[in-house]
Structures are given as C-alpha cells and as structure tokens.
Amino acid sequence: MTTIARSVCPFDCPDSCGLLVEVEGGRAVKVRGDPAHPYSQGTLCPKMNGYDRTVHSPDRLLHPLVRTGRKGAGEFRRASWEEALRLVAGRWKAILAESGGEALLPYSYAGSMGLVQRNAGMALFHRLGATRLERTICTPAQGAGWSAVMGRTPGPSPDVVLDSDLVVLWGCNAVATSLHFARRAQEARRRGARVILVDTYANHSAAIADDVVLVRPGADAALALGIVHVLAREGLADERFLAAEAVGWPELRARALAEYAPEAVSRVTGLAPAAVEALARTLAAARAPFLRIGGGPSRYGNGAMTIRSVVALAAVLGVHGRKGGGCLVSTSTSAAFDLAPFTGEDLLPRPTRQVSMNQLGRALAELSDPPIRAMYVWGSNPAAVAPDQNAVLRGLAREDLFLVVHERFMTDTARHADVVLPATTSLEHADLYRSYGHYAVQRARPAIPPLGEARSNWDVSRALAAAMGLEEPLFRMSTDEVIELLLARAAPEWVSAAARARLDSGEAVTLAPPPGPRWRTPSGRIELLNRAEPEPLPRYLPAHADGDPLPLRLVTAPALYTLNSSFQERPELREKAGGMALQLGPAEAARRGLADGQRVVAWNAVGEATFVLRVREGVPPGVAVAEGVSWLAHAPGERNVNALTSQRLTDQGRGSTFYDNRIDVRAG
Ligand SMILES: Nc1nc2c(c(=O)[nH]1)N[C@H]1C(S)=C(S)[C@@H](COP(=O)(O)OP(=O)(O)OC[C@H]3O[C@@H](n4cnc5c(=O)[nH]c(N)nc54)[C@H](O)[C@@H]3O)O[C@H]1N2
Ligand SMILES: Nc1nc2c(c(=O)[nH]1)N[C@H]1C(S)=C(S)[C@@H](COP(=O)(O)OP(=O)(O)OC[C@H]3O[C@@H](n4cnc5c(=O)[nH]c(N)nc54)[C@H](O)[C@@H]3O)O[C@H]1N2
Ligand code: SF4
Ligand SMILES: [Mo]
C-alpha cells in the first residue's frame, strides 16, 4: 500500500520547496514536488528529484561508531548508543573539569534548515559554557549591506518579479541556487521583460538572460556607483521617489558625480565606459526593474559595502515605488519566530568566547587558555566547506582533539572523528521550516521511521544532556513539544490563529510581514547616507585579493548538481556534474599551454588543488571558476577548492570571503 506524506526540502536553499513523499512499507519510494506549495508549485530541482536515493543510500550511517585506527584513517568499530553516549559524556566531563567549558567547540551549520534541527545543539552547549560559534559562513555581509540602507525593512515577495519589465540577476546564479525564482524570471520574460545577468562569468543563468554583463570579481560597488553617476549626470534618477522616501541623495549624488565617472569605473570593473552608460540607461528606461542580489558579491573583503552600493542603486532607480519593481536580497521570515526559549542563551553561565566558523583552522591551531580540546559537529562538513582546508584538516587530525561528528554520511569531517553518531534525514524527523527566499512556512512530520539507529539532532542533544546529568526541563521536551513552543511564541502579527491551524495540518502557509512603517530605518526613510555606519556613504573599497600577486581571480561558485558538499552520495549526480573542474577562458588556457580535459594544479600561498581543466568561452580573462565543493574522496588530489581559499573575513559581519582569492595554474 502506498501512502503519501507531505514534507519540506530541508536544504540550505532559498526555495524551501514543498515535497510529497510516497511511502511503501516504511520506505520512501518516490519524492516529488507538492503542487499545493505556494512557491515551488510542484517542481523540484534535479538534486531533490531522487531524494529517496539519498535517504535510502547504501552509504547511510546507521549505527554509532568508535575510532580504532589513527585519526582520519576512517577505521571504526560499531558501538551501541549507550556506549557512545557514555564515552562522549565521560570525555567531556574530564575536559570540563580540567580546562573549563570553553575547551569545547560546537560546529554546526545548515545540513537541515528546520528551526529545531538546525538549532538543536545550542542550549546544550550554552549550558556547558562552551566556546560559541559565529555562524557566519554564508552571507552576513549581504545582510549588513542591506540593513545599512534599508534597516529592518522586510524584503519583497519574490512573486513581485512577475510584473517586472527588467529583471537583474546580480551575482545570483538563480538557475542553480534558486530555481523557482529563475522560473519566475522566465515567466516575466515570457510576458515581455528583459533579463540581465551581472556576474563574473557566464554561469547557468546566462541561458535565461538577454544580456550578460561580466564584471571583475569584487568590483560591483564601482559598477553600481558608476551607474548612479550616469543616472545623476543624465537626469535619470527617480528624483520624486528620492525626495519623498530617501535621505542622503544630494550627498551620494555628489560623490558619484565626483568619483565614479564611467572611465574611472572601467579601470576597476573591466567594463567599457560605454557599457556602464548603456546599463544605466537600460535600467532607467525600464518601468519597474527588479534586482535579485545573490550572495556572490558579498563574499569578499569589501562584500558588505558592495551589497550596500547595489541596494543604494536600487533606491536611486526608485524600484520600490513601482508595481513589479523591487530589490530582493532575502525575505524576512526570521522575524516571525522567537528562538530564544529553545537556544537557551540564558543558560550560558557567562558570555563565553566566540570563534568564527570561517577561522576554524586558526582556532584549532592557535587558541590557548584553554585550547580547543573537544569539538562536536552536526549538520556541517567543515573539512570540505570551510576555507583554508589544509589548516582545517591539520586541526581535525590533532591526536589530542576529541572529535564527535553527528552525520548522515561518512564525510571527510566524520572520517576524522573519535565518535561518529548516525543522523536521521529530514524524512525521518519532524521540524518547522521557514524560508529566506519567500514567505511560506510549513510544519513537517516524519514520513518514515528512522533508518537503523539514526537519531535526530534534537534527540541526540537531549540524550547528551541526560548523559551529562543536566536537568533543565527543556532537555526533556520532545521535538513536537519544541515545535509547539516555537509556534506558541511566534509573533501573532505574523502567525495568526488561523495560520497556526493550517500549519498544524501540514499545509504550507504564506505569511505576510505585519503592517508597519514602509521603511524600518532609524530615520524612517531609505538611508543612502547613514552616519551610524563606519562610512556614512557607499563607496568602492578594494577587495583582499586586489593586493595578492597571482594573475587569476578564483570564483568558487555554487554548482548545479550539488549543494555545498551535500548530494555527493549520489553517483548519478556526480556523473552529471562531471568531476572537479576548473574553468578558464581560451586565452588564459592558451597562454599557459593548457588544453581542455587535462589535469591541472591550481595554487596560491594558501595551498593547492588538482582539477580537470574546462576551457569555456564564458569565463573572462583574469578569472578562474571552480563550481562546487567536492568531497575529498572524489577530489583528484584529496583537496578541493577550499585548499585555495583564505580565512580572511568580510568588511562587516565577519563573513567568509570564498571568492576573494587569487591563483595561478600549471599542468598537473
Ligand atoms: N545547486 C545549488 N543550490 C544552492 C547551493 C549550491 O551550492 N548549489 N548553495 C545554497 C546556499 S548555501 C546558498 S547561500 C544559496 C545562495 O548561494 P549563493 O552563493 O548566494 O549563490 P548565488 O546567489 O547563485 O551567487 C553566486 C553567484 O555570484 C557570482 N559572483 C561571485 N563573485 C561575484 C562578484 O564579485 N560580482 C558579481 N556580480 N557576481 C559574483 C558567482 O559567479 C555566482 O554566479 O544557494 C543555495 N542553493
Ligand atoms: N569554496 C566555497 N566554499 C563554500 C561555499 C562556496 O560557495 N564556495 N559556500 C559556503 C556556504 S554559502 C555555506 S552555507 C557553507 C555550507 O556548509 P555546510 O552547512 O557544512 O553544508 P554542507 O556541505 O551541505 O554540509 C551539511 C552536512 O550536514 C549533514 N546533514 C544533513 N542533514 C542533517 C541532519 O539532520 N543532522 C545532522 N547531524 N547532519 C545533517 C549532511 O550530510 C552534510 O554533510 O559552505 C560554504 N563553503
Ligand atoms: S530547489 Fe532548493 S529547496 Fe527546492 S528542492 Fe531543490 S534544494 Fe530543495
Ligand atoms: Mo550559504
């Protein structure tokens, strides 16, 4: 007999698609899109079509494991949960007694985006007084750039774009990373809109664009301000909108006119002055431009200022005042929920030290008083995804580091563990999902029972709390009770009683930002000038790699068939992805005597990695592109692209700078 369960895609993707899971005899036999989901409307990306093969993969971890070989060798024996929990609690207690709580480092990110499973370890580690992790690997600089101009103004609904006549994908490979936004952009295009891609190379989204504008990596602030210059000079800014809704236009205008003439911008961006002028005129001529700003331009030493400059440009165009116009960085569903009763900051004995997840290598090597002696990883694969891989791997291989990893698969991180704990997939546990790309939220119940002895993040957290002798009532709550708590504490102006009832029935519910001032900034207007910022006006700042000596800027963008290091358990997706590739344009390849398909080594001061070379027209001179972060087991040189990325941080938000590095390439 086949039953059908509703669920939600748990991955770190703006789409948070609705799923229908066909279940037979406790197995998920097919996963497809839920036509009733208001945003994804029944379609899934190629990764999630086939999620049943991830869930029932022969490589799933099904039992706790204890290390038998040397660190990182991947030799383990099976253990019971009881033994594993006793072992972990015993070691933690000894370390806490000798060195204090800060010797413990939890490391987690977005394996699951569910509010419960994503935050499941927080209360436990707060209670233990552990070192705190700054969860800043993704796009904190993007958020900082938005809020410098827009404060807490909610992002627009992505559906607005359907009425736009000019869609700009600005550093956003929507076809790969937000498929259902790409579909809306295509729908707008069918209705007559023009689509422009502003990126560092012709990525998969070039296929849905009318124009592709290639800008030098890290130079978008100069481009945005150059466009502002042309708008100001030619009287094309939306003066009426600016006079009514913004502060600081005279100041921004003066700066743009003085410093960002197309000729000056050309030197920084690599775009001809005429191209900057043409783009400005196209934007100004549109009735309702919609700018979708991706995370790409924010992952640089100047990332926050770059996003701030593009968000300021959107205001100068007056996009917010028009039907179909808008500027979407992310949506604002996080404001609907109060996680504090669950994450338990109040359990912290004192404000403990914080470590950036972008500087894990440094933390494991350099921290003292106390050094990090134990690490607990869940929902993340730092051996593959964190920058400066050699430093991370050196740290994880430390014989004196007690490493516990809670995982679905034997990742490169899990391989280094002393104790591996098996994790459920999203079909095996309950959760509450919000989205950062639209406004629908949904509650999911388990579709199938846990495989083997796998346990969810929250269940393991509770079990560890019990093994440590912690008695707070929170640690006795079931997952459903936590979901009830989060829903009960949800802001009523976001989640009404009627919405709540629909959520309980498993439906996806589209929330609306509560009524409030149009611009949620201190001045009540859009802040082109913001004196509370370290710099009152947007400007172009150099990126870190501008000072590096090597010739190629390395863009390490997301891949189509993987999501960060996830989905590599699936041979058919690996085959489609075609291996770990480095893309160069024909001129850069020829200059080095390199040919398509050959093995190459990319190198810089941080490290080196081996790739297969792909020679592609869409990659401009001075740029190299590597899509995706491979499992090291599938990497020809046992290092992936993150052996080439650095631990340097963004200008604001202490974010990652994954795209802000230079390399050179030689035959491998
Ligand atoms: N298939 C797939 N989907 C994913 C992911 C994945 O890895 N694969 N990752 C998920 C995650 S964690 C996130 S955060 C989201 C969003 O993931 P993001 O990383 O925010 O992805 P995009 O918004 O597509 O932005 C990447 C694009 O920015 C471009 N870019 C890089 N530097 C610059 C620059 O200086 N200027 C300009 N104009 N463009 C630049 C890159 O070339 C690339 O095309 O996607 C999620 N979805
Ligand atoms: N070079 C380069 N590096 C990057 C990026 C890039 O663009 N370029 N992108 C960066 C970005 S934007 C991000 S957000 C980070 C993401 O980094 P991570 O959040 O570490 O993402 P994943 O690689 O998907 O790893 C998630 C892991 O969680 C596991 N998992 C899934 N569900 C569960 C669960 O319910 N419980 C437990 N315990 N485990 C689970 C999965 O098996 C997987 O191994 O990577 C960053 N790294
Ligand atoms: S598009 Fe994103 S949210 Fe939708 S199924 Fe694919 S990974 Fe999941
Ligand atoms: Mo991310």
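Arg500 has a relative accessible area of 21% and is therefore partly exposed, since only residues under 20% count as buried. The model in which this value was computed is a predicted one.

**Salt bridges within helices**

The side chain of Arg500 forms a salt bridge with that of Asp504, at 3.4 Å from N to O. Both residues belong to helix H21 (residues 497-504), where they stand 4 residues apart, or about one turn of the helix. Asp504 has a relative accessibility of 26% and so counts as partly exposed. Elsewhere, salt bridges with shared partners link Asp163, Glu187, Arg190, Arg191 and Lys323 into one network.

Helix H10 (residues 249-259) contains both Arg255 and Glu259, which are 4 residues apart, about one turn of the helix. Their side chains meet in a salt bridge with an N to O distance of 3.7 Å. Glu259 is partly exposed, because its relative accessibility is 40%, and exposed would require over 50%.

The whole structure holds 45 salt bridges. One of them joins the side chains of Arg127 and Glu472, with 2.7 Å from N to O. Arg127 is located in helix H4 (residues 122-127), whereas Glu472 sits in the loop between helix H19 (457-467) and helix H20 (479-488); the pair therefore ties together parts that lie 345 residues apart in sequence. Arg127 is partly exposed, given its relative accessible area of 29%.

| Salt bridge | Distance, N to O |
|---|---|
| Arg127 and Glu472 | 2.7 Å |
| Arg255 and Glu259 | 3.7 Å |
| Asp504 and Arg500 | 3.4 Å |

In general, side chains of opposite charge can pair when their charged atoms come close.

**The sheet**

The model also includes an open sheet of 6 strands with mixed pairing, in the order E5-E4-E17-E16-E15-E6. Strand E5 (76-78) and strand E6 (104-108) are the edge strands, each pairing on one side only. From one strand to the next, the twist averages 20°.

How do strands E16 and E17 pair, in the parallel or the antiparallel sense? Strand E16 (residues 402-407) and strand E17 (residues 419-422) pair in the parallel sense, over 4 bridges. Val405 has Val420 in E17 as its bridge partner.

Note on methods:
Residues are numbered from 1 along each chain as its sequence is written. Chains are lettered from A and ligands numbered from 1 in the order in which they are written. This is a predicted model: local features need pLDDT of at least 70, side-chain atom pairs count only at pLDDT 80 or more; totals for chains, interfaces and linings use all residues. Side-chain values use heavy atoms; hydrogens and water are left out. Two strands pair if DSSP finds at least two bridges between them. Helices (H or I, at least four residues) and strands (E, at least two) are DSSP runs, numbered from the N terminus. Axes are lines fitted to C-alpha atoms, for helices over the stretch in contact, and angles run from 0 to 180 degrees between N-to-C directions. A salt bridge is a side-chain nitrogen of Lys or Arg within 4 Å of a carboxyl oxygen of Asp or Glu. Buried means under 20% relative accessible area, exposed over 50%, partly exposed in between (1.4 Å probe, protein chains only).
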